[in-house]
Amino acid sequence: MKPKIVIFVIKWRGVCGMVLKLEHVTKRFGNFAAVDDLSLVIPEKEMFGFLGANGAGKTTTFRMILGLLDTSGGRITWDGKPIDYSTSRLVGYLPEERGLYPKLRVRDQIVYLARLRGMKKSEVLIELKSWLERFKIPEYENKKVEELSKGNQQKIQFIAAVVHRPKLLILDEPFSGLDPVNVEMLKEAVLSLKENGATIVFSSHRMEHVEEMCEHLCILHKGSPVVHGSLKEIKRSFGKKNLVIHADFPLDFLKDYPGVVKYKATMEGILLQIEGESIAENILKEIVNQGFIRKFALEEPTLNDIFIEKVGGSYE
Amino acid sequence: MNNFWIILFHTYLNKLKTKSFIITTLLTLAIVLALTNLQNIIDIFDKNGGKDNVAVLDETGQLYEPFKKQVSTINKDVKLTLFEGTAAEAEKEVKEGSYQGMVLLKLNEEKLPFATYKTMSIADSPLFTDLQSGLQQLKTVLAASQIHLTPDQLEKLYEPVSFTKMALEKNAKTEEELNQARGLVYVLLFIIYFSVIMYANMIAMEVATEKSSRVMEILISSVSPIKQMFAKIIGIGLLSLTQLAVFLSVGYFSFKQNIESLKEGFFGVYGFGDIPLATIIYAVIFFILGYFLYATLAAFLGSLVSRIEDVQQMITPMTMLVVAGFMIAMFGLGKPDAPFITVTSFIPFFTPMIMFLRVGMLTIPAWEALVGIAVLVATITFLAIFGARVYRGGVLMYGQSNSFKDIKKALQLTKNK
């Protein structure tokens with residue numbers, strides 16, 4: 001475990017490669033601060049997750065990273081320079097609101113958008129074919145977008161965001177509205193892009209996606225980062241753990257047990273949130289003689305627990 | 001290829017291929033062809049070769065021939081037939097449509113003619129007027145002979161007075177030239193008016209479609225909104241020129257084909273024989289400037305709406321401006337030197353139509369036209385800079401917003417601090 005942290009620290013200082021850096025970034029709309037003093041460093045070839053409730057400032061942050069909105073304060077740089085239209089060929093963007101030209105055929109659409117990112121038509125067609133085959137929809141190449149299902153439109157839009165092999169890929173809620181099979185398909189695609197060396201920033205309010213895919217993440221709440229760092233560090237520093245107990249005798253007395261933060265009855269037993277490992281030890285000693293215990297498991301907190309704790313359960 | 005050109009040609013080619021564009025072009029072509037073939041078409045439907053048939057019942061037996069002679073000097077197209085039968089029979093034939101009408105000629109006690117004209121509806125006034133003047137002349141001749149005037153004396157009485165019109169202004173247009181200019185200006189005004197409304201609408205729709213389909217956000221992450229806006233305006237501009245080129249060339253050739261028959265009709269009065277080059281150059285300049293003015297306005301108004309349904313509502317004030325300009329121009333056709341017209345020709349939103357009207361119909365000093373053009377160019381520049389800023393913020397705004405307050409909001413979005 002230790003060596004990885006060391007490597008991470010070196011990267012963190014921005015020594016290596018095309019780092020995306022946000023320094024004290026603020027965006028105000030009138031008196032309302034959509035993003036407030038956000039500082040982040042996203043190392044090259046990383047997958048970085050943005051979490052936050054609706055309206056937390058994720059999309060605004062992305063728009064500022066892309067240079068679509070100016071910051072009200074602070075600085076955003078990628079490889080030492082701000083992102084503008086001279087670097088837009090290296091950047092891919094999947095907006096939160098899905099949209100393509102409804103009347104245009106898939107092929108024309110992708111060719112147009114990719115040419116605007118500096119690709120040649122012949123290159124686009126080769127790339128497009130391989131992507132369509134990867135997503136198992138090669139027959140849609142000559143269909144109009146409005147004839148496709150929503151899920152398939154989303155795949156097409158994903159292709160539009162990545163067809164020019166961007167070095168920096170920004171995905172705003174890439175998996176929302178997809179069925180599990182398609183989510184898996186898209187996840188694999190995202191991971192393979194990362195392996196090919198792309199830096200990927202993505203936002204979601206689905207904790208499990210971020211938990212599964214990102215080394216580093218940031219939880220935004222009302223424009224400010226409330227949690228920020230590597231997933232493992234965040235979980236460790238959170239301190240609290242989850243304890244699952246399934247037993248044949250009543251466990252309700254644990255509700256008021258010292259060190260128990262939350263108590264939740266489940267179908268087969270209870271789920272506790274406790275302040276630390278020592279509490280679990282105490283509980284085990286307490287119940288071990290009371291009867292048969294089918295399950296006693298100490299678990300890392302989920303991102304969901306952390307999120308609810310930090311954001312105050314106000315999400316969705 | 002530069003992104004600007006990619007967007008420009010994408011816009012141009014895509015619009016060119018749309019069904020609605022092809023259909024409107026074909027429909028308008030049909031209208032152009034119909035107009036230039038108007039005389040032929042009228043001839044096909046007109047069984048009597050354009051002549052009005054009128055039955056004449058002459059109770060006196062001596063008025064028919066002189067009456068016919070008088071009427072034929074007034075209008076050759078009125079065909080009179082002596083009706084051998086009763087008035088009731090003649091009325092019946094008129095009702096059946098064999099005759100346009102019937103005239104009952106009589107003499108009063110003083111041996112002077114009077115008549116009754118019967119027709120299905122009295123809406124056909126030119127024919128009535130022709131018949132009336134014919135009878136009037138006949139009466140004059142008869143009355144003159146009653147008081148024993150000699151034909152010489154009679155001729156002197158009716159000799160037209162010599163009365164010549166002269167304009168003191170140098171290069172002023174003659175009456176004939178003015179009529180000619182009026183026809184040409186009228187047609188060109190129509191072209192400017194329709195093009196501005198149609199293509200400005202197209203641009204607003206285009207922007208709103210991209211916005212409502214949310215493809216805009218991808219677009220502006222690869223190309224700056226300002227580049228996009230102008231690529232689009234010029235792309236649609238090319239489209240409009242293409243369409244006009246098709247109309248004008250087809251119209252021109254069809255016109256040449258039918259030039260003989262057209263000389264007699266509308267085109268003869270408003271002669272299109274030789275169009276002054278300066279008028280055409282001014283028409284092109286004002287067409288292009290007018291297009292840019294309203295296209296820029298439309299693009300930034302279009303960027304403020306989030307749903308296509310709201311586009312019309314948003315651009316209504318702009319359409320009103322165009323309509324107002326056109327109305328003033330229509331008034332100006334009759335009185336191009338009115339002070340009101342002079343003043344409005346310097347208001348940039350009206351300049352394309354009204355300044356053109358003035359240069360087309362009057363002989364105004366060149367500086368006036370140049371000042372008009374300069375004001376127009378300055379306004380376009382201002383609108384382009386201002387519009388581009390609104391556009392940049394506007395394309396990122398979504399929601400139920402479609403009021404003019406949003407302009408302020410859009411400008412705020414692009415502000416730094």
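In what order do the four strands of the open sheet in chain B stand, and what is the pairing? The order is β2-β1-β3-β4, and the pairing is mixed. Before I go on: this is a predicted model.

I'll stay with that sheet in chain B for a moment. Its edge strands are β2, residues 78-82, and β4, residues 113-119, and each of these pairs on one side only. On average, with direction ignored, neighbouring strands here are turned by 25° against each other. Take β3(B), residues 101-107: this strand runs antiparallel to β4(B), and seven bridges join the two. One pair to look at is B:L107 with its bridge partner in β4(B), B:P113.

Helix α4 of chain B, residues 64-74, lies across β1 (52-58), β2 and β3, and runs at about 175° to β2(B). Helix α5 of chain B, residues 87-96, lies across β1, β3 and β4, and its angle to β3(B) is about 155°.

Now the rest of chain B. The chain has 18 helices against four strands. It is 417 residues long, and 33% of them count as buried. Taking the contacts in chain B with a separation of 6 or more, 78% come from residues 24 or more positions apart.

One helix pair in chain B is worth a slide. Helix α10, residues 225-257, packs on helix α17, residues 366-394, at an angle of about 115°, and the axes are 9 Å apart. The two helices, α10(B) and α17(B), are therefore roughly perpendicular to each other. The crossing of α10(B) past α17(B) is right-handed. On the α10(B) side the residues are B:P225, B:I226 and B:M229, and they meet B:A388, B:Y391 and B:R392 of α17(B). By class, that contact has five nonpolar residues, no polar ones and one charged.

Over to chain A, which also has a sheet to show. Four strands form an open sheet in the order β11-β12-β10-β13, with antiparallel pairing. β11 and β13 (293-299) of chain A are at the edges with a single partner strand each, so one side of each has no neighbour in the sheet.

Going through the pairs, β11(A), residues 260-265, and β12(A), residues 270-274, are antiparallel over five bridges. The link between β11(A) and β12(A) is a hairpin of four residues. A:K264 stands opposite A:L271 of β12(A). On to β10(A), residues 241-247: five bridges join this strand to β12(A), again antiparallel. There, A:L243 has A:L272 in β12(A) as its bridge partner.

What lies across β10, β11, β12 and β13 of chain A? That is helix α9 of chain A, residues 277-287, running at about 15° to β10(A).

After α10(A) comes A:G312, with a positive phi near 85°.

Last, the contact between the chains. Chain A puts in 22 residues and chain B 17 residues. On the side of chain A that touches chain B, helix α3(A), residues 106-116, gives the most, with four residues. By class, that side of chain A has 13 nonpolar, three polar and six charged residues.

Conventions:
Residues numbered from 1 in each chain as written. Chains lettered and ligands numbered in written order. Predicted model: local features only at pLDDT ≥ 70, side-chain atom pairs only at ≥ 80, totals over all residues. Contact = placed C-beta atoms within 7 Å. Nonpolar A, V, L, I, M, F, W, Y, C, P; charged D, E, K, R; others polar. Axes fitted to C-alpha atoms, helices over the stretch in contact; angles between N-to-C directions. Parallel < 35°, antiparallel > 145°, perpendicular 65-115°, else oblique. Left-handed = near helix turned anticlockwise from the far one by under 90°. Pairing = 2+ DSSP bridges. Buried ≥ 20, exposed ≤ 12 C-beta atoms within 10 Å, placed from the backbone.
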